[in-house]
Amino acid sequence: TGFVPTPLAFIADLKGILRDQYGEGSILKELLQNADDAQASELHLGLHEGWKEAQHPLLRGPSLVVLNDGPFVEANAEAIRRPRVGTKGAQAESIGRFGLGMKSVFHLCEAFFFLASPNQPAAAGQPYVQLLNPWHGTGFHPDWDSYSEEWGRLHHAVDGWAHGCERWFCLWLPLRRKQHLAGVAPIVSLEPDVHRFADRDALRELALNLPMLRSVRRVSLWKSRDWHTRQDA
C-alpha cells in the first residue's frame, strides 16, 4: 500500500507548480510555446464576454479564449488531465506540450474547457468539448460539473469565430472572479485584469518571440464582440 491520491492533493501540487515553476507573467509565452511545439502555424487570442443568462456559473463572465491549428490526439487529452506530465523523453513530441506548461493557465482560472474541431483525431468526427475541473470530487464547486448541455454554446461560439483555421484546438479559460469561489480559497489569489491579455502591448510582446519559433508564423488578437476584427503580429 502507499499514498492515495486525492483531488485536494492534486490542487496542492498544482499550487506548488504555479508558485515554483510558472510565474503569472509567463502565461502567454507558455501558450505560444505550446502552439509552436504542436507544430501550429497560427495562434489566436480572443476575449469573450460570456453569457449572462448561462446556467453554468463559469460561462456567465469573461473568458480568455486561445486557439491554434496544431493537431490534437487522444494522448493529448489524457496529458491535460495529469498534473505532472513533463516534456522530456519519448513523451516530448506526443504529449509534452499539454503537460506542465499548460498548467500555467491556472494563474487565470479555477477550471477550464478545452475544445477541438471535429476533424481533429481526438474528436473522431464529432464536436469535442471537455471540462478540466481540479475541484471535481472535493465537495467544493459541485455545480461546475453540471449543465453540460450548455457546452454546445462554446463550440458554436468557436465555430462562429472568423479565425480561418480548418483544424483547431482551443482553450476556453473563464477568468477567475470572486463570485466563482463561493468562499473557497482559490488555487491562486489573483483576479486577472480582463484587458491585460487582449491589448496591443500583449500582442507586441508575443511578436518579439516569433523569430525564435519553428512553426508559428502568425499571432492574432481579436477584440470585437463578434470576433471578426483582429490585429496580427
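How many cavities of 30 Å³ or more does the count come to? The count comes to 1 cavity of 30 Å³ or more. A cavity here is a set of points on a 1 Å grid over the protein atoms alone where a 1.4 Å probe fits but cannot get out. Its volume is the space filled by probe spheres set on the points, with grid points joined across faces, edges and corners.

This is a predicted model, in which local features need pLDDT of at least 70, side-chain atom pairs count only at pLDDT 80 or more, and totals for chains, interfaces and linings use all residues. Residues are numbered from 1 along each chain as its sequence is written, and side-chain values use heavy atoms, leaving out hydrogens and water.

The largest cavity holds about 80 Å³ of space. Its lining has 10 residues, and Asn34, Asn68, Met102, Phe169 and Leu171 lie nearest its centre (lining residues have an atom within 4 Å of a point). At least two lining residues each come from H2, strand E2 (63-68) and strand E5 (169-174); helices (H or I, at least four residues) and strands (E, at least two) are DSSP runs, numbered from the N terminus. The lining of the largest cavity divides into 8 nonpolar, 2 polar and no charged residues. Ala, Val, Leu, Ile, Met, Phe, Trp, Tyr, Cys and Pro count as nonpolar, Asp, Glu, Lys and Arg as charged, and the others, Gly among them, as polar.

Helix H2 (residues 27-37) also meets helix H7 (residues 200-207): their axes come within 10 Å and cross at roughly 50 degrees. Axes are lines fitted to C-alpha atoms, for helices over the stretch in contact, and angles run from 0 to 180 degrees between N-to-C directions. Leu28, Lys29 and Leu32 of H2 make the contact with Ala202, Glu205 and Leu206 of H7, where contact means heavy atoms within 4.5 Å. These residues are 4 nonpolar, no polar and 2 charged.

The largest pocket has about 400 Å³ of space; a pocket is an open set with protein on both sides within 12 Å along at least five of seven lines. Of its 17 lining residues, Phe10, Arg81, Leu132, Asn133 and Pro134 lie nearest its centre.
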